[in-house]
Amino acid sequence: MARYAAGRLAALAPVLLVVGVTAFLLLHLIPGDPASVILGPDASAGQVALLRHTLGLDRPLPVQLVLWFERVLHGDLGDSIFLREPVTRAIWQHLGPTAGLTALAEALALAVAIPSGVLAAWKQHSRFDQGFMLLVLLGVSIPSFWTGLNLIAVFAVALRLLPVAGYVSPSHGVGPWAASLLLPAIALAFTQAGLIARMARDSTIEVLGEDYIRTARGKGAGEAAVLTRHAFRNALIPTVTVVGTSLANLLSGAVVVETVFVLPGVGNLVVQSISRRDYPVIEGVVLFVALVYVLVNLLVDLLYAAIDPRIRY
Amino acid sequence: MVAALRCPTLTRALACVAGLSLIWTAWGAAAPGGSEPVRGGVIHVATNAEPGTLDWQSSTATATRLVAWHVFESLFALDRNYEVRPLLAQSYAVSADGLRYTIRLRAGIKFHNGQPMTADDVIASLERWGKLSSGGQETFKAIKQVKKIDDGTVEIDLSRLFAPLITNLGDPKQAAVIMPKNVAERAGLKPATELIGTGPYIFKHWTPGQEIVLARNPAYVSRNEDWGGITGRKVAYADEIDFFPVTDPQVRLAGVTTGQYDLALELTQDVYAKVKADPHLTADLVRVFSWTGAVFNKAHGVFTDARLRQAALYAMKPADLMAAAIGPKQFWQLDPGLFFPEQKGLYTAAGAETYNHQNLDKARALLKEAGYHGQRIAVMSTKDYTWNANTAQVLVPELQAVGFSVDSQVYDWPTLLSRRTKQDLWDIFLTGFSPSIDPTGVIFFGGTWPGWYKSDALDRELEKWGETPVSDAAARKKLMDQIQTTFYQEVPVAKIGNYFGLEVYNTDHLHGYTSYFDVRFWNVWVTH
């Protein structure tokens with residue numbers, strides 16, 4: 001297994017290379033440049049040209065690519081044009097809110113989705129199952145910003161229970177920190193729970209039709225034992241795949257929800273950086289997201305083996 | 001694993017919801033009258049955009065200015081009537097030939113790092129401004145030298161008469177703010193990262209995407225005059241001003257409704273009725289805000305011919321364009337002025353016989369006269385500003401109606417900014433113009449700004465303007481009429497209309513606030 005993991009990690013290098021170069025070229029091919037954004041709409045052409053030169057943006061593209069790549073090989077993603085700090089530090093700082101939001105949203109989603117998905121499978125075709133399917137459909141269909149705005153209208157504006165938007169760092173206290181993340185986490189969890197619950201229900205239904213479940217029931221095992229000991233574990237593998245994808249998705253920045261709730265996370269960073277054409281940051285974030293996806297997928301593959309002893313690498 | 005995750009997280013979250021609800025209820029309940037100024041507290045401001053830099057010499061952006069003018073000050077600045085008055089300058093004298101300006105600096109002014117402000121700092125700052133800002137470059141063309149007489153006196157020698165000197169030194173667009181000499185030199189042509197000024201608030205920190213925090217300057221030495229605007233008496237009542245970039249206008253409104261923010265910038269017009277109905281909120285219509293226009297490419301393509309620019313102007317019906325762009329009528333105004341009616345010293349209605357006179361026959365005749373034969377014209381707009389793309393949706397059919405063949409191109413704002421610098425890529429782009437304070441500062445009168453306007457008539461008029469002393473109001477009025485007439489004859493830009501900004505503040509919390517073209521928080525206090 002260690003060899004398998006090492007092999008997968010070694011395969012990271014070509015993935016990051018391709019992603020990095022493609023991102024760099026695509027970014028520089030789209031029009032727009034940071035100088036005119038910094039200087040504002042009233043700047044003259046001469047001012048823009050001057051700042052472009054100061055920032056080194058007037059050099060030929062291949063030269064910029066080589067210079068950038070050389071730095072990346074040394075582990076240096078360069079400095080942000082706007083934030084005036086190293087890109088690695090910018091990503092690290094924005095990772096805090098994103099990681100917190102991801103953890104809270106995923107925890108909420110799992111807490112709701114797994115038990116309800118398994119129960120719906122067990123009570124297939126019941127009223128509960130039908131209601132459950134409707135909610136799941138709503139969860140995956142309603143855009144998270146809409147859920148977010150409605151949560152703000154109810155819990156922040158009407159009930160005044162939680163802040164409207166903004167992020168409080170955990171250093172100011174765990175309570176205010178969680179309060180600043182709760183509404184966005186619910187907005188995200190609603191969608192994620194829909195995806196996970198559907199998968200949990202479907203795979204449980206499939207497992208419940210297997211011979212070994214009939215055997216378990218036949219030897220007199222109680223329904224609770226059948227569900228938790230025999231069905232649940234075997235139904236987990238497809239669910240873990242979905243959870244893995246959703247985790248990678250959230251960790252690479254919940255762009256819309258972070259924007260609505262003004263959370264300074266990775267998603268917000270990338271949106272802001274795109275509108276400012278802050279090339280080093282966008283390139284850095286793209287590499288980071290590629291890394292997250294590869295690592296999360298590896299983790300999911302390793303988890304398969306832990307859940308199902310028949311799987312060996 | 002699932003159970004282990006669920007319990008502690010939920011319990012904690014519920015506990016914090018309960019705890020927080022108490023805090024929020026308590027906050028909402030406390031709101032004393034607020035007629036007497038109170039020191040202390042924090043002003044929370046929800047802004048619509050994060051600035052690219054806070055160096056006010058470097059950027060023309062509004063997002064930069066409204067934070068930066070709490071930190072930085074210039075020698076001269078605008079008063080509440082948009083006229084220039086001294087700020088860091090004590091007084092100034094002009095020699096009889098009009099070529100030598102002697103500026104006395106106010107004594108006892110200190111920078112935020114404790115260093116006293118001297119003539120050396122002023123000279124270094126002005127020289128940097130002269131290189132960085134377009135207004136500065138224009139001004140320095142007339143300046144022979146800036147020299148120090150003593151620590152408290154600076155002399156500016158001109159090579160030719162240039163009456164707008166003092167006005168330009170007080171222009172808030174890319175302001176000639178004074179910073180310590182070593183800071184100005186270290187920053188050079190790059191946006192400064194050391195933000196050290198003389199203003200009533202000190203820059204404390206900036207967490208990108210999260211907040212910009214300013215703290216009261218305890219050593220601030222205020223003027224005593226009641227001039228308003230950006231000069232005169234300034235008292236920093238609040239301990240801190242926190243600016244939060246909140247992209248979504250609905251969230252900005254929600255935040256000011258709950259009191260999380262004391263003031264929210266740039267709300268959409270559709271919330272006006274809701275705000276008016278809420279006794280805790282005040283809607284502030286900013287009338288000196290912006291005017292929208294269609295900029296023609298005068299260096300390349302069909303619009304090098306002034307007749308076709310006039311044709312486009314006659315094809316347009318400003319009322320329809322403004323209604324589509326902005327919406328309810330109380331948020332816009334049809335006015336021919338290059339300046340706003342509130343700018344009493346500069347405003348004129350010259351050109352009123354051309355502006356807002358849609359005449360399709362005349363437009364078609366001009367097209368024919370100019371020999372236009374259906375060349376495609378590219379009209380660039382952006383969806384990043386709703387009004388902008390909405391204007392294009394009406395403008396395009398209006399142009400087509402008189403015979404123009406139009407290619408409507410909608411881009412994101414940075415792309416538009418970049419494309420408009422290339423002469424062969426476009427014919428018209430839509431943009432908004434924030435207030436200027438002098439005709440020499442009107443951005444599209446500059447030959448290098450996208451659109452590349454060159455005009456002998458205008459150059460002569462601007463030159464004359466430069467030679468006319470500020471004190472000669474009658475001569476200035478006459479010249480202003482001429483300049484605006486030229487603007488309507490040559491149509492470098494087709495003016496569409498003035499539109500108003502909408503800010504909303506929480507009346508329970510924010511007191512002493514007065515409307516101006518951008519938000520200011522000195523002489524303002526909070527009660528939370």
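**Ground rules.** I am working with a predicted model, where local features need pLDDT of at least 70 and side-chain atom pairs count only at pLDDT 80 or more, while totals for chains, interfaces and linings use all residues. Residues are numbered from 1 along each chain as its sequence is written, and chains are lettered from A and ligands numbered from 1 in the order in which they are written.

**Confidence.** I checked the scores for the complex and found an ipTM of 0.81 and a pTM of 0.85. Then I went to pLDDT, the predictor's confidence in each residue, from 0 to 100. Chain B has a mean of 91, with 94% of its residues at 70 or more. Where in chain B is confidence lowest, and where highest? I get the lowest in helix α1 (residues 2–29), with a mean of 35, and the highest in strand β5 (residues 100–105), at 98. I also noted that pLDDT stays below 50 over residues 1–33 of chain B. That stretch still has 39 contacts in the model beyond near neighbours in sequence; a contact is two residues whose C-beta atoms, placed from the backbone, lie within 7 Å.

**Chain A, overall.** I counted elements as DSSP runs, numbered from the N terminus: helices are H or I with at least four residues, strands are E with at least two. Chain A has 14 helices and 0 strands. Its C-alpha trace spans about 85 × 55 × 35 Å along the principal axes. Of the 313 residues in chain A, 44% are buried. For burial I use 20 or more other C-beta atoms within 10 Å of a residue's own, with 12 or fewer for exposed and partly exposed in between, the C-beta atoms being placed from the backbone. Among chain A contacts with a separation of 6 or more, 72% join residues 24 or more positions apart.

**Helix α6(A).** I compared length with expectation, which is 1.5 Å times one less than the number of residues. The 36 residues of α6(A) should span 52 Å, and the end C-alpha atoms are 49 Å apart, which agrees. I did find a kink of about 35 degrees at L95(A), shortly before the proline P97(A). The bend is the angle between axes fitted to the seven residues ending at a residue and the seven starting there.

**Positive phi.** Most residues other than glycine have a negative phi, and I noted two exceptions. R160(A), in the loop between α8 and α9 of chain A, has a positive phi of about 55 degrees. V262(A), in the loop between α12 and α13 of chain A, has a phi near 50 degrees. Buried or exposed? R160(A) counts as buried because it has 20 C-beta neighbours inside 10 Å, and V262(A) is buried with 27.

**Where A meets B.** I find 54 residues from chain A and 55 residues from chain B in the contact. On the chain A side, several helices each supply at least two residues, including α3 (34–39), α6 (87–122) and α9 (174–208). Which helix gives the largest share? I have α4(A) down for that, with 6 residues. By class, the chain A side has 35 nonpolar, 13 polar and 6 charged residues. Here Ala, Val, Leu, Ile, Met, Phe, Trp, Tyr, Cys and Pro are nonpolar, Asp, Glu, Lys and Arg are charged, and the others, Gly among them, are polar.

**Strand β10(B).** I see 5 of the 6 residues of β10(B) buried. Strands pair if DSSP finds at least two bridges between them. Strand β1 (residues 42–47) of chain B runs parallel to β10(B) over 6 bridges, with T47(B) opposite P245(B). β9(B) pairs with β10(B) in the antiparallel sense over 4 bridges, and V213(B) stands opposite D242(B).

**I230(B).** This residue sits in the loop between β9 (211–216) and β10 (240–245) of chain B. I230(B) is buried, since 27 other C-beta atoms lie within 10 Å. Outside four places in sequence, I230(B) is in contact with W69(B), A77(B), L78(B) and P172(B). I also looked at D79(B), which is 151 residues from I230(B) in sequence and 5.9 Å away, C-alpha to C-alpha.

**Strand β12(B).** I found strand β12 (residues 281–296) of chain B antiparallel to strand β17 (residues 493–506) over 12 bridges, where A294(B) has A494(B) as its bridge partner. β12(B) also pairs in the antiparallel sense with strand β16 (residues 428–433) over 6 bridges, and there V295(B) is bridged to F429(B).
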